[in-house]
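Please read it beside the sequence and the coordinates shown here.

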Amino acid sequence: MPTALAALEEAYARSGAPAGNRPDGRAPVVGYVGSDLPVELLTAAGVHALRLTGDPGSGSAPGDRYLGRGVDPAARSVLTRLLDGSFGELDRVVVSHDCEASLRLFYALRELGRVEPGAGLPEAYLVDLRHLPHRTTTRYNRRRLGEFAARLETWTGRALDLAGAVAAHDERRRLLAAAAELRRTVPARLTGRQFLAVVNAALPVAEHVALLRRLLAEAGRLEEHPGRRVFLSGSDHDTPHVYEAVESEGQVIVGEDHSFGDLAVEGPVGAGGLDALAEHHHRGGPAAHRATAGERAAYAAAAVRRCRAELFVAYCRAGDEAPAWDFPAQRAALDIPAVLLERQEYGRVDLAALRKEHPCPM
Amino acid sequence: MSDVRTPGSTSRGVKSLATAAEAGAHQREWFADLRRRVAAGEPFALLNADVPHEIFRTMDIPYAVGQWWASLVAAKQRSGHYLELVRRRGYPDYSEQYNAVTLGAAFDPEPEAGPWGGLPRPDIIVGDASGDVTRKIFDLWGREPGVIFYPLESAAENEVPVNWWELMPHRWEQAVGPARLDLLTAELENLVRFLETTTGRRFSETRFREVLALVNEQEEWNRKARDLIARARPAPLGVVDSIPSVMLPQWHRGTEWARDIARRFYEEVRERVDSGHAACPGERARLMWIGRGLWYDMGFYQRFQEEYGAVFVWSMYLAVAADGYLRYGDDPMRALAARFAAFSDQLYTPPWSSEWYVKEARLHGIDGVVHLVSDDPRGSYFTARALEAAGFPVIEIHADNVDTRTFGDDVAAQVGRWLEDVVLT
Ligand code: SF4
Ligand code: SF4
């Protein structure tokens, strides 16, 4: 039997790929986009859920045309892949309003469905959760979550099992949090690239949970990864390309603040049904697109200490400018070297800037 | 929108509108008075364009509009200076320049050296949390001593009826949807309480209704002017003439002055139409400008008149005044929320934006569309697609509207070739 880590890596390699044989024959396949999409509801509805990711290696010309080149290239790539059928047959696409690029992706899907029905895109649905830390927003989100739950029941024709789904996702988050500790030890027992695989393995929740348990049981046999410990801040990484590039140079990414990494692990929702779920996703983690620079800096300071990082790298993709606004406050809050990599191409990273012994432009 | 004498109109000696001159003079007097009031200790609010100024008008809290200030800075060729101040603090100077230029004022060691004596330091900033960056920019400003940022949520809807311009004046509940209206109404009720608490000023419901009525009257005059211009041949005026007469009063909406000048603008247009005045004698092509105003080169809009007989008859500024603001109804706070809960969708989110541009192009008998595509505005492809599908030729030019550095030297030549090869054939 392969190790749990190998099985998780293998499932991660399948992420963003077609669902293959529909697990239970008739369950709708729902592709989703957005870090704050309430996936618990997808599980509760019994649909087969697939987080849609881009691919820096294939072109994105159709996505560029429909979204414009000012939009985060990850979203342009997702749209391109939707158009060319890379995700296989999807019954629906659900998009959350976690950032401007996702919102624009939703609008493009909605409008393409209206004016170019021949493009064959699945029907898109927006889950408009917002993030100002105010009660007005809490109430708004609760309403939107209720609408989404009702819509899912219409799609599947059956009632949601919310309590069961929340418990399953909470257990997954608990195990992921334990896995995150394996990476934080010195030396790290997981690389950043491996942690991405552990978090984003394309698996139904129950299978994912089983593998995570095995991973933790096998922790003693994991390799050690010495090397300069890097905290990666900024843009989302829906693919491993940047992690692989950074870690190919003897560094290890021991923490990050985006939704495919440590921020996916925050929880639990606990009991309480839709109210608690709405509050959980309202709070979210301090992702670059919804938190203030001050919140991001406070998180960075605590997270860097927790994972004992030696270098802070703020990575901003071209077309994803929000993280660049956080950097001055983050740097001021840190007591380790901090470097800003701006306008990076999708899937690539300017390694020359990281190779310098004194990387900060001071 | 800062001064009224545009580079283009003075150098060509085209007589500009009296209302444009008056609006420009008024703007200077208003700003001088604002500076006096703030110096005397009154609170000062800096507001984004798409937030409900009407509340500040009602409470008589002095305010200025961030986008107006950015356009003034751009017209004075000073954007680079403010973006440099932003960059020196370590922030990007290539991101959301419309707001970043204004943030630069907060970092200016010599604020009084700014245009018109400089922007006073705001006590209160209100902006909506649209995009990924706007809230961050104003939040950073809100960390400066004595400044409070009050953000408003920016919410979106799944399904909307297409014909918003027909629904908005009276049936806005149907156009915008109750979720967004409930949200913004609640935020505005809270805003009033916040302002009462921090400024000590009172909110009068009677005054509020007066202000809202004045706004509707003003926009109705703009609507009449738009309808007149759409039908008139030849075009009685171009967009350079109409923009100051519409936009400066727009920043003063809710005052009698703004309502009255909107009426006089209509009357001026009427006189020009009655006397057969042509903005562009020998008019051969009627052009539509889609996108924000090119504040650093307003002469651009008149550059194609003499050689090609091509006149820009349409910009969003008058058209959105005509269609985008009117809101009637018995519940004034909800009606006000309805003005702003989906304001920018009217201009940037398909199908609202795309179908509206087509409707306006038809109404104005447009021959060609010049589309300014900056990095941030949304839905460009669908706008161009809808216009082309409806038979209107479109040329896209790529630049930012306040950041001169992004404007290529060859844009005018490209547009000229397109006029020759496509529009005028
Ligand atoms: S420049 Fe060198 S010494 Fe200075 S903070 Fe960066 S790494 Fe440390
Ligand atoms: S050129 Fe533009 S900015 Fe300058 S006065 Fe005219 S309208 Fe205002």
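## Terms and basis

Two strands are taken to pair if DSSP finds at least two bridges between them, and strands (E, at least two residues) and helices (H or I, at least four residues) are DSSP runs numbered from the N terminus. The model is predicted, so that local features need pLDDT of at least 70 and side-chain atom pairs count only at pLDDT 80 or more, whereas totals for chains, interfaces and linings use all residues. Residues are numbered from 1 along each chain as its sequence is written, chains are lettered from A and ligands numbered from 1 in the order in which they are written, and side-chain values use heavy atoms, with hydrogens and water left out.

## The sheet S2-S1-S3-S4 of chain A

In chain A, four strands in the order S2-S1-S3-S4 make an open sheet with parallel pairing. Strand S2 (48-51) and S4 of chain A stand at the edges with a single partner strand each, so one side of each lacks a neighbour in the sheet. On average, neighbouring strands of this sheet are turned by 25 degrees against each other, direction ignored; axes are lines fitted to C-alpha atoms, for helices over the stretch in contact, and angles run from 0 to 180 degrees between N-to-C directions.

Strand S1 (residues 29-33) of chain A runs parallel to S2(A) and is joined to it by four bridges, with Gly31(A) standing opposite Leu50(A) in S2(A). H6(A) packs on the sheet, where it touches (heavy atoms within 4.5 Å) strand S3 (92-96) and S4 of chain A, and its direction makes about 150 degrees with that of S4(A).

## The sheet S6-S5-S7-S8 of chain A

A further open sheet of chain A has four strands in the order S6-S5-S7-S8, again with parallel pairing, and its edge strands, strand S6 (251-256) and S8 of chain A, each pair on one side only. From one strand to the next the twist averages 30 degrees. Strand S5 (residues 228-234) and strand S7 (residues 311-317) of chain A run parallel and are joined by five bridges, Phe312(A) in S7(A) being the bridge partner of Phe231(A). Helix H7 (residues 162-184) of chain A lies across S5 and S6 of chain A, running at about 140 degrees to S6(A).

## Contact between chains A and B

The contact takes 52 residues from chain A and 52 residues from chain B. Between them the two chains bury about 4,300 Å², 52% of it on carbon and sulfur atoms, where buried area is the accessible area (1.4 Å probe) that two parts lose on being put together, summed over both.

Seven salt bridges are counted between chain A and chain B, a salt bridge being a side-chain nitrogen of Lys or Arg within 4 Å of a carboxyl oxygen of Asp or Glu. One of them links Glu159(B) with Arg151(A), whose closest N and O atoms are 3.5 Å apart. H5(A) gives the most to the side of chain A that touches chain B, with 11 residues.

## Local features

Within chain A, the side chains of Glu111(A) and Arg114(A) form a salt bridge (2.8 Å, N to O); these residues are about one helical turn apart because they lie three residues apart in helix H5 of chain A.

A cis peptide bond, with omega of about -5 degrees, joins Val186(A) and Pro187(A), and Pro187(A) is found in the loop between H7 and helix H8 (192-200) of chain A. Arg308(A), in the loop between H12 and S7 of chain A, is a residue other than glycine with a positive phi, near 50 degrees.
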